[in-house]
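Work through the exercises below with the sequence and the model open. Each task is followed by a solution in steps.

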Amino acid sequence: MDDQTDVQQSAQSAQAVQTAHTEQIEQAAQSVPAGALVGVVGAGTMGVGVAQCFAEAGHPVVVVDNDPRALASAPARLRAGVRTAALLRRAPRQARAGASASRAESLVTWSARLTDLADALLVVECAREDEDVKEGILRELDRICGAGTIFASNTSCIPVSRLGSFTARPGLVIGTHFMNPAPLKDAVEVICAPETSGATVERTKGFLARIGKHALVVRDAPGFVTNRVLMLTLNEAAAVLDEGTADAETVDRIFQDCFGHPMGPLRTADLIGLDTIADSLEVLRRHTGEDRFRPCSLLARLVAEGNVGRKSGRGFYPYAPPHLVARGGTDHG
């Protein structure tokens, strides 16, 4: 009887926490104007996914990329993402109150010009993990956008304080590390640099609440929490495979069957993109000075061969047909 009472009390406590969490999200959402223009820089995997999140919630979105191939394939990838989300019934609560799935596509505009983001209240930078590329984008956005525009970087490893230093508005620069696939993940790792203002944090939470995401706020550091831990794990899994300790399927099954992970590390790596992982590891190595972040030989070899995971059709596993995914442009994508 006591055990049953404990279970009931635990369930009631969990429900109370969930209710309070839902109320906090709804209150945060009220701080952001409905239909506020959102900019996204980068029409690669993450950029299109982030654009979908905001469009499904009724926000007009302008996606900018200077790679014609990325822009050409982006509408089809967005359409596929919207259909997948609808099938899985994972569209956020705010999406049902805002744009329908069929209308979401019409809210996204594609452009090669950063100047088209001049009126955005929030710009989510989803360029590839290259500090020089991000610096060029942020400096140009700082010149173009209004004084109150928040610059939210989807960086996976570069310290946000470093990114903020490229602008005259470090208080308005914050990290919003969306997980892949962005439309299907409920949480976003939000990174606050010492310079990031409290108002920027609250407004960012409001934008995320509008798309049904909850913010997990962490302090600024190379790789933050997610990738400081994850990138080492993925790299070591590749090294274990390369050494012949186990085949790819066995490596992944160990993590799934023994630890309860929904995906093993090698399939996770293929989903993220091996090129993105290699870039992130190099960023971590540079900013920490620790050689343990050096990409292992198998990972480096696969990237050099162009076998970077699902988006190329082959990584640690083969994928057929290759997914309609683009990395994005050299300068802003």
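**Exercise 1.** Determine how Glu 282 and Arg 285 are placed relative to each other and which contact they form.

Solution. Step 1: both residues belong to helix α12, three residues apart, about one turn of the helix. Helices (H or I, at least four residues) and strands (E, at least two) are DSSP runs, numbered from the N terminus. Step 2: Glu 282 and Arg 285 form a salt bridge, with the closest N and O atoms 2.9 Å apart. A salt bridge requires a side-chain nitrogen of Lys or Arg within 4 Å of a carboxyl oxygen of Asp or Glu. Step 3: buried means under 20% relative accessible area, exposed over 50%, partly exposed in between (1.4 Å probe, protein chains only). Glu 282 has 30% and is therefore partly exposed; Arg 285, at 23%, is also partly exposed. Step 4: salt bridges with shared partners link Glu 282, Arg 285, Asp 291 and Arg 294 in one network.

The model is predicted: local features need pLDDT of at least 70, side-chain atom pairs count only at pLDDT 80 or more, and totals for chains, interfaces and linings use all residues. Residues are numbered from 1 along each chain as its sequence is written, and side-chain values use heavy atoms, with hydrogens and water left out.

**Exercise 2.** Find the salt-bridge partner of Lys 311 and state whether the two residues are buried or exposed.

Solution. Step 1: the partner is Asp 275, and the closest N and O atoms are 3.1 Å apart. Step 2: Lys 311 lies in the segment after α13 (297-305) and Asp 275 in helix α12 (residues 274-288), so the bridge ties together parts that are 36 residues apart in sequence. Step 3: Lys 311 and Asp 275 are both buried.
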